[in-house]
Amino acid sequence: MGKNKQLSVHILEVTVVALLFLLVADCRPQNGRRLTIMPDVKLEIQPNDSYNALCFLTFVHYLGSHIVFHVLFRYWISVWNLTGHGTARKQLSATSFEIISNNGNTTEISFKRIWNSSQTDEPPLDFDRRIVMGRDTPGFYTYAMIERSKEYPPTIIQQLNVVFKLQDMFHYMAVSDERQRVMPTQEDREKGKVLGFKEAVLLTNPANPDLKGEVDDKYFYANDNIKDKVHGWVCSNPPVGFWMINPSNEFRTGGPFKQDLTSHVGPTVLSVFFSTHYAGEDLAIKFQHGEAWKKVVGPVFVYLNSDASAKENPSILWTDAKKRMNQEVASWPYEFPLSQDYIKSNQRGTVTGQLFVNDWFINKRDVPASNAYIGLAPPGDAGSWQIENKGYQFWTKTDTKGNFIIKNVISGIYNLYATVPGFIGDYKYTPIIKVTPGSNIKLGSLVYKPPRNGATLWEIGVPDRTAAEFFIPNPPPQYKVHKYQNNSESIFKQYGLWEQYSVLYPKRDLVYNVATSKYSRDWFFAHVTRNVGNNKYEATTWSILFNLGNVNKASNYTLQLALAAAHESELHVRVNNEKAQEPVFTTGLIGGSNAIARHGIHGLYWLYSIRIQGNLLVKGSNTIFLTQTNADLTAFNGVLYDYLRLEGPH
């Protein structure tokens, strides 16, 4: 840690409602001391070498009980890279400690570190990590200011999160109304069989026999950021819930559809601020020499609740946590954080307008863009928001008439972007939008004209940026499927679905007839490789059969090809000649989302408008061949289709 003196806060004792928190941090003072913060909040600082490696160790006492649970609390950064050094996964360990506020109602504590060039084994970032506790608040808030000087070396950051590791007294986990259940333990995983990748473990001898034969994988419980407002765990004895509440996504990267981890076996509770999950290296934050940067992440809220009936019905605490989540969302942006870098409501602005969509083949006039996601992100190309990773983003949904209000926007320079369900492509409002404190920018009526070159001849799927509407098989029969009350959300959150393509199509590939096939039954959700045994895989070619009554040989047709995800794939398109030496179109090698292996029905979105010369088509029967050419010794090379449409001549 250089020449900075290491300090460690030993015990931070907080009475909150009926819960007592004892927080231990990683900054050691030279001499122990006790400081009274509020009548019911005490801070005891003592030297303690054993906690040097920890960010926070929390002991929570329930109604005077001395044994409830421990929580290991860390800010993690991974993977970071220094020129001349390797990559690493590191916690952000502080070298100084300061009580920012102690006013009798709110306590705010800061843990800082300033990087210097001698710290070659530490990420070249400065940080100020804060904890905030309020009187009569059943939990605490945490946020951080992450910064780099322009003098710091080139760096790549793949992930930053805050993580809580609970004691194994917690057995019930909830990440959504559907995905909540009794979970296996870490010991169950250690005794199990690792499958195709380390995160997926077959439970061969779990302590709970009901779980035998199931697969545990933390990616089962990943969520889209737009859905990830609250998740956590419940302990039955005593009946206490531990919840992570994310009141805003403005400080996260990748836009509203970015997926990330939530809670999983450990027991572990996360709030992921940025990562490359379900996106790949396109979302890694890359800094060059001379590039300065600062960002505030959070606050997020750690909420604790209790109800005696939770012993029999733990979902009661989930319902209560959702109510608290709604309160936190309504309170955003918070007024209590004391860092000057945190932007309060009076320093923000509002942007309003109305979005219409005009697809001349569907409607002859502008129609309201109902239920569209619309937002502000740093300037870029249309759709660039999904790989934007250094600034802030502000998203909302339009109403049935296309109206939108984007509130609490941090002052800055933005473009306006939108994606409209039922229509391909991305909308971008070209003029730069400059938001200033207190501004109320009225954009008026805006019109999105989605890509189209001709009339629709046929289509496959629904343009919604996911592959959810296609055929999703049952998992391999050797794996026991956990039954939820409603399986619609988790039907694709099962291990080994990709393996079923080789079972359904052992010799010949998928053939889809647009006249007789149904995409929900006949279009496999993932275009993957075929397993031919001995850990060998081969490329696969799908065929689309269609008839044309007439062909204009002198004109061009268009294949609109939208992908919901891609992983190390190269897709070739051929027309009426599967053996043609050169394809009509190739995507080139694309994607690193790993969405197929991680049970994600979407990743990064790709749209290609592919020109097909009329002289390649014939009157009567035609075939388009789609070949996923990369079979790099893995089952996970492939694409998820979102939507395909053949358009007539133009």
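The legends below describe close-up views of a predicted model. Local features are given where pLDDT is at least 70 and side-chain atom pairs only at pLDDT 80 or more, while totals for chains, interfaces and linings use all residues. Residues are numbered from 1 along each chain as its sequence is written, and side-chain values use heavy atoms, with hydrogens and water left out.

**View 1. An open sheet of 5 strands with mixed pairing.**
The strand order is S35-S39-S45-S41-S42, where strands are DSSP runs of E of at least two residues and helices are runs of H or I of at least four, numbered from the N terminus, and where two strands pair if DSSP finds at least two bridges between them. At the edges lie strand S35 (511-513) and strand S42 (585-586), each of which pairs on one side only. Strand S39 (residues 540-548) runs antiparallel to strand S45 (residues 620-628), the two being paired over 9 bridges, and Leu545 has Thr623 in S45 as its bridge partner.

**View 2. The largest nonpolar core and the surroundings of Trp523.**
A nonpolar core is a set of buried Ala, Val, Leu, Ile, Met, Phe, Trp, Tyr and Cys residues joined through side-chain atoms within 4.5 Å; buried means under 20% relative accessible area, exposed over 50%, and partly exposed in between, for a 1.4 Å probe and protein chains only. The largest such core has 160 residues, and those with the most contacts inside it are Leu355, Leu416, Trp523, Ile624 and Tyr641. Strand S25 (residues 293-306) gives the most to this core, with 8 residues. A second, separate core of 5 residues includes Tyr373, Ala377, Trp385 and Tyr417. Leaving aside neighbours within four places in sequence, Trp523 is in contact (heavy atoms within 4.5 Å) with residues including Ile460, Phe470, Trp542, Leu626 and Tyr641.

**View 3. Glu328, a buried residue of helix H2.**
Glu328 is found in helix H2 (residues 315-330) and has a relative accessible area of 3%. Its side chain is joined to that of Tyr334 by a polar contact of 2.6 Å, a term for a pair of N or O atoms within 3.5 Å in which, within protein, one must be able to donate a hydrogen and the other to accept it, residues adjacent in sequence counting only if both atoms are side-chain atoms. Beyond its neighbours within four places in sequence, Glu328 is in contact with Tyr141, Ile245, Pro247, Phe301 and Tyr334.

**View 4. Gly254, a buried loop residue.**
Gly254 is found in the loop between strand S20 (239-245) and strand S21 (259-260), with a relative accessible area of 4%. The C-alpha atoms of Gly254 and Tyr392 are separated by 9.8 Å, although the two residues are 138 residues apart along the chain.
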